[in-house]
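Hi,

Here is the structure I promised to pass along. Have a look at it first, and my notes on what turned up are below.

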Amino acid sequence: VDDVPADTIARRFRYDVALVSTLKDLEEDIMEGLKERGLDDSTCTSGFTVVIKESCDGMGDVSEKHGGGPAIPEKAVRFSFTVMSITVQAEGEEEAVTIFQEPKPNSELSCRPLCLMFVDESDHEMLTAILGPVVAERRAMKESRLILSIGGLLRSFRFYFRGTGYDEKMVREMEGLEASGSTYICTLCDSTRVEASQNMVLHSVTRSHEENLERYELWRTNPFSESAEELRDRVKGVSAKPFMETQPTLDALHCDIGNATEFYKIFQDEIGEMYMKNNPTREERRGWRSALDKQLRKKMKLKPVMRMNGNYARRLMTREAVEVVCELVPSEERRKALRELMELYLQMKPVWRSTCPAKDCPDQLCRYSYNSQCFAELLSTTFKYR
């Protein structure tokens, strides 16, 4: 990027050009896939479908350490995409056939940067201004076909975009939801904090992009002339215009971190026998925490961290860690409950860590729903003080 004017804050490819370049990179794989499936490549000229996973994430602090450069924000955001699969429906055939599947869809090697921006991911206005054209191009491509020469013949491709590579913060940003401190805690459903703690099992997905757009219109026009509070309750915290269609998911890393954060608190509370107390003082709580930290450091070489991170979470969420914590838990009954909680967790974990759970851990996948209900049951009875 040496030939870029100094005050540039974003660089990007045109989306369609980037997709053409990617398909040309995959030309050999496509031809190989057609051959493996026994398809005659000269008859397969149309009916190609490409599924694209889109990702967008903040890249944290990218400040110049000995700055002499232009004054720009010291955060960056990267928007990128991955070709997940290519299928073809040959003429006269009922079924589409997969001719390419990305073997490592979560690897940075298969992820192609489309746009790099010097922006703070919380700066909604700046982000939407820069990504506006990307959204427009994406919308145009949804409706049209790309005709491209692959293996010496012109072939017609259509694209499906799946916005699943966003973390929770970015989903909220893109879908116009209130930020993470909101009463409406979920990116998938309308649950509030209180409702979620009382009902951990049954929720229906109510936050699709279309629905968010409708809710924003309600917020903007306030057709029933309601007060701000009533209106907010009606739109369930959708108060900015949904900008880019995402499919909210929770990525495996944040799943690990979120769960470990909760377990870390449960461990402290169990050491202090919280289930028998009303409201312990801050001093008491601090004591429990330092006892836990000391024990984890001594027995597992786990140094205390300011904010939960992935590596700490993975070490903490193990049978070994529970045994170490149980040494400090006075009651045998509570130790049993803690072990059971962790056991259920470890049964469920492979399902969200795996790229393809149906293939990698079918048994755990079958039991997942049951396990998660047992897990919720245990939390809402034995650990209801949380």
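Cys-44 is buried, at a relative accessible area of 1% (buried means under 20% relative accessible area, exposed over 50%, partly exposed in between, with a 1.4 Å probe and protein chains only). Cys-56 is in no disulfide, and the nearest cysteine sulfur, that of Cys-115, is 8.1 Å away; a disulfide here is a pair of cysteine sulfur atoms within 2.5 Å. Cys-56 also counts as buried, because its relative accessibility is 1%. For the chain, the disulfide count by this rule comes to zero.

Before you go further, a word on what you're looking at: this is a predicted model, where local features need pLDDT of at least 70, side-chain atom pairs count only at pLDDT 80 or more, and totals for chains, interfaces and linings use all residues. Residues are numbered from 1 along each chain as its sequence is written, and side-chain values use heavy atoms, with hydrogens and water left out.

**The overall picture**

The chain has 386 residues, and 41% of them count as buried. Its C-alpha atoms fill a box of roughly 75 × 55 × 50 Å along the principal axes. There are 14 helices and seven strands, taken as DSSP runs numbered from the N terminus (helices are H or I, at least four residues; strands are E, at least two). The domain assignment, which is automatic or from a database, gives domain 1 (9-166), domain 2 (172-235) and domain 3 (252-383). The centres of domain 2 and domain 3, over C-alpha atoms, are 30 Å apart.

**Two side chains worth a click**

Glu-270 sits in helix α8 (residues 252-271) and is buried, with 0% relative accessible area. Its side chain makes a polar contact of 2.6 Å with that of Tyr-385 (a pair of N or O atoms within 3.5 Å; within protein, one must be able to donate a hydrogen and the other to accept it, and residues adjacent in sequence count only if both atoms are side-chain atoms).

Arg-335 belongs to helix α12 (residues 332-353). Its side chain reaches the backbone oxygen of Val-329 at 2.7 Å, and a polar atom of that side chain lies 3.3 Å from the backbone oxygen of Pro-330.

**One more residue**

Which strand holds Leu-116? That would be β5, residues 112-117. Leu-116 counts as partly exposed, because its relative accessibility is 42%.

Cheers
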